[in-house]
Structure formats: structure tokens, C-alpha cells
Amino acid sequence: MAVQNPRYQKDLADFSIEYDPAKAFYVKHRPFILQVSLGEMSLEDAFWVELGPEYVNFRLSEFLDIVFPRNKRQQAKFRSTLDVKENPDLPEMYAALLEIFDEWRSGKCSLQFFANLGPEIKLTDRLDDHLSLMRSAEHLIEETPLLDLVIEQKIDVLDYLTTAGYFKNKQTTMEFMQGNMLMYFLEKHNYKLSIAPIDDIDKKLSPIARKLHSVNLIAPSELDQIFEISEEGREAIGRTIAETESYINQYDVFKDVYYDSGSGAIEFNTGRGQDLRVQIYEYEEVDPVRVVFLLRLYDGTFDEVLATWRDSIHSEEYFGEVLSPVVNAERIDEDMVDLVIEAGYNFSELRSDTSVEVETQEELLRRIEKK
């Protein structure tokens, strides 16, 4: 049964795959193959496993809870069924899929499901309504039922951060980021935004500019009729830079934290540790969204979209990428956080004392050399 304009039309070398639930119905009593690929991923890189025919009567939602369960013991049980002799990478691929389903269940992303060569599959659909037939003379496979599942993952970071309570109002947060981004390009890149722009792309910047003008952060120049950073705006930029540098000075030590479970030692700047800054911000009740945004503003991240920033400034997806470190943050057990913070501050203090001592010694040497 050919489907008109299927979303995905993938093939697999040495195999024929035909989406035809009606034909597959007659062999659904046989073991079937579950094949899972992500988006445009090639089927050569797909995850697969052979399963018993009892599963084909399940609805997709029920089936996914069985194959990609939350429970670690059930995951281990399912992992033991993988044919690692045929493909030693299957356990690693399975772990990656488990992570995606974990993110989906926690609201960090949305998932859509499609049958390769077929239509979208709803969570309420039965598997046997979407089976294909797979054959291969080379591999001696005859009319094997196949659930050829393609998963599309979409991450809406701003929606997740709103739902998770990182900020109350997505629009207000967007306006804060847009205003700072526009000021960044006006100040650092000397972008000349007309007070009365002619081209459409600059016209879309006007509402952001008007808000900045209303709080005296930018002002129209008398000569060129363009917006410029005002004196108050420059003072605000100076305060923002000072605030950002204070976060760097206080928390950068936590971007590389290594815990040796054997000795219980906590080490910093080893090159093999975890970046725990977001968790530490939260623990010390510092707004991680604000800090991460200011750090990205400070480190030149916005320069990467220099050619397209006037479009990116309106994109929730773009700002989601900017704030993605908040969502993707590494974390340790809560009962370890106090120990890490104490050790980190002690390490920073010792490093600062050492730095002062070295500078003092260098100054003494310079004086001796002058005599």
C-alpha cells in the first residue's frame, strides 16, 4: 500500500522495504523487527531489535513505554535482548534513544513519529496498522514484518524553561534578550539603525528600538538620524559587563569539577570534570537564565550570527539555542553540592593568594634588577 508523499522515504542496502500493513497482517504472527532512526538519519545507522509477535497489538504509546521504559531494571532487561554480535554499537544507540525519551517525558522536547515510506503514527495507533514488509535475498530474509519508525525530535527551550519555572513570562524574557542583543550590535558593531527605516528587515527592529529609546538606553543622533547608545545606555552596558565579570570571577571554578569516587577528592581544572555552573547558580539562588544569557553576550556568541542577526533577533528558536546550557546542564547529587561549593571557593582563594604572591615576587625582582 503506497502512501502518497510520505514524510520519509529511506532505503537500506541489500534490503527491500515495503510499507504495506495489509500484506504484513498475514505474517504478523512472526517475530518482527523494530527499526528506529532519527529524522534524516540513514537506515544504515538505525537502531534495530527483533521482538516477539505479541507486541504488534499494542498501541504506540504502550509499546514505547515497554521498549524505552523509565525503570532502570526494565532497561537492563531489554538491553540484554540486543544482538551485540551483529552490531556491537546497539547498546550505545539504545542508551542515546533512552535519553531522548527521558527528555520527552520530562517536557524538554517534543517527538513526532512516522512510518518510513508511510504516514505519521499517532500515539494511539496500533503497531499492526503501520507494519512494513522487509525482504533480503542476500541475508536470506523472507517477508519479515517490520516497524520502521522514524522519530522527529524538536526542542523548544523557551517553552520548557517557562513550564519549569525559570521565568514567569516568555515574552518579557524575549524582550530583555532582544533589547540587549540590539544594543550589542549598535555598540560593538556600530550598526546604523535609522530612526525611520526604509527596508523591511530594519522596520522589524523598530519596536525593539522604541522600547530601548523609551527608557533612555538609546537616542537618535542629531546629525545622521540614526539610533545611538545614549550616555545612560553606556552606563548600563558598563554595569552589565561588571555584573557578568563578577559571575565569571565567582563561578568559573565550577566549570570543570572532577569528583574521584575512590578517594572522595574534589578537583578543579583537570580537563576531565563536569560543568556544574548552572547547578551552582540555582543552588545559590542566582538566576541561571540571566547569567547564561549575559555570559553568551560577553563571550562573543552573538558574533556567530553577524550576517543574520537582524533575523535571529526575532527567533525564539535562536534564543533557545543561546539558553540551551540551562537545559543541558550537568548535575551531581544534591548532597554533594555543599561540598563542591566549599572546595571550589577554597580552591579559588588559594589560587588568588598564589597569584598575588607571584605578582609580589615579580615586582621585587623588577626592583632588584633596576638597582
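**Figure 1. L117 in its loop, partly exposed.** With a relative accessible area of 21%, L117 counts as partly exposed, because buried residues must fall under 20%. This leucine belongs to the loop that runs between strand β4 (110–115) and strand β5 (120–121), in a model that is predicted.

**Figure 2. N216, another residue with a positive phi.** The loop in this view lies between helix α8 (206–214) and strand β8 (218–220), and N216 has its place there. The phi of N216 is positive, at about 65 degrees, although N216 is not a glycine. How exposed is N216? With a relative accessible area of 42%, N216 is partly exposed, because that class covers the range between 20% and 50%.

**Figure 3. The whole chain, as a setting for the close-up views.** The chain contains 15 helices and 11 strands. Its radius of gyration is 28 Å, well over the 21 Å that the globule rule gives for 371 residues, so the chain is more spread out than a compact globule. Taken along the principal axes, the box filled by the C-alpha atoms is roughly 90 × 65 × 40 Å. Buried residues make up 40% of the 371 residues, and the chain exposes about 21,300 Å², of which carbon and sulfur atoms supply 49%. Among the contacts with a separation of 6 or more, 67% are accounted for by residues 24 or more positions apart.

**Figure 4. The largest nonpolar core and the surroundings of F319.** In soluble globular proteins, nonpolar side chains tend to be buried together. Here the largest nonpolar core has 55 residues, and those with the most contacts inside it are L161, M181, L182, F293, F302, F319 and L323. Which helix gives the most to this core? Helix α6 (residues 170–187) does, with 8 residues. Once its neighbours within four places in sequence are left aside, F319 is in contact with L158, M174, M177, Q178, M181, F293, F302, S312 and I313. A second, separate core of 36 residues includes V49, M93, L147 and I151.

**Figure 5. Helix α11 and what covers it.** Helix α11 spans residues 288–298 and is mostly covered, with 8 of its 11 residues buried. The buried residues of this helix are P288, V289, V291, V292, F293, L294, L295 and L297. Which elements cover them? The cover includes α5 (157–163), α6, α9, α10 (277–283), α13 (316–322) and α14 (324–327). One of the buried residues of α11, F293, is also listed among those with the most contacts inside the largest nonpolar core.

**Figure 6. I241 on helix α9, with Y298.** I241 is found in helix α9, which runs over residues 231–251. This isoleucine is partly exposed, with a relative accessible area of 38%. Although I241 and Y298 are 57 residues apart along the chain, their C-alpha atoms are separated by 7.3 Å.

**Figure 7. I201 in helix α7, with R310 and D311.** I201 lies in helix α7 (residues 200–203) and, at 23% relative accessibility, counts as partly exposed. When residues up to four places away in sequence are not counted, I201 touches R310 and D311. The C-alpha atoms of I201 and D311 are separated by 7.5 Å, while along the chain these residues are 110 residues apart.

Figure 8. D83 has its place in the loop between helix α3 (72–79) and helix α4, whereas E92 is found in helix α4 itself (residues 90–105). At 34% relative accessibility D83 counts as partly exposed, while E92, at 62%, counts as exposed. Residues up to four places away in sequence not being counted, D83 touches W48 and L90. The C-alpha atoms of D83 and A196, which are 113 residues apart along the chain, are separated by 66 Å. E92 and R79 are 13 residues apart in sequence, and their C-alpha atoms are 9.9 Å apart in space.

Terms used
Residues are numbered from 1 along each chain as its sequence is written. This is a predicted model: local features need pLDDT of at least 70, side-chain atom pairs count only at pLDDT 80 or more; totals for chains, interfaces and linings use all residues. Side-chain values use heavy atoms; hydrogens and water are left out. Helices (H or I, at least four residues) and strands (E, at least two) are DSSP runs, numbered from the N terminus. The radius of gyration is taken over C-alpha atoms; the globule rule is 2.2 Å times the number of residues to the power 0.38. Buried means under 20% relative accessible area, exposed over 50%, partly exposed in between (1.4 Å probe, protein chains only). Contact means heavy atoms within 4.5 Å. Accessible areas come from the Shrake-Rupley method with a 1.4 Å probe; for residues, only the protein chains shown count as cover. A nonpolar core is a set of buried Ala, Val, Leu, Ile, Met, Phe, Trp, Tyr and Cys residues joined through side-chain atoms within 4.5 Å.
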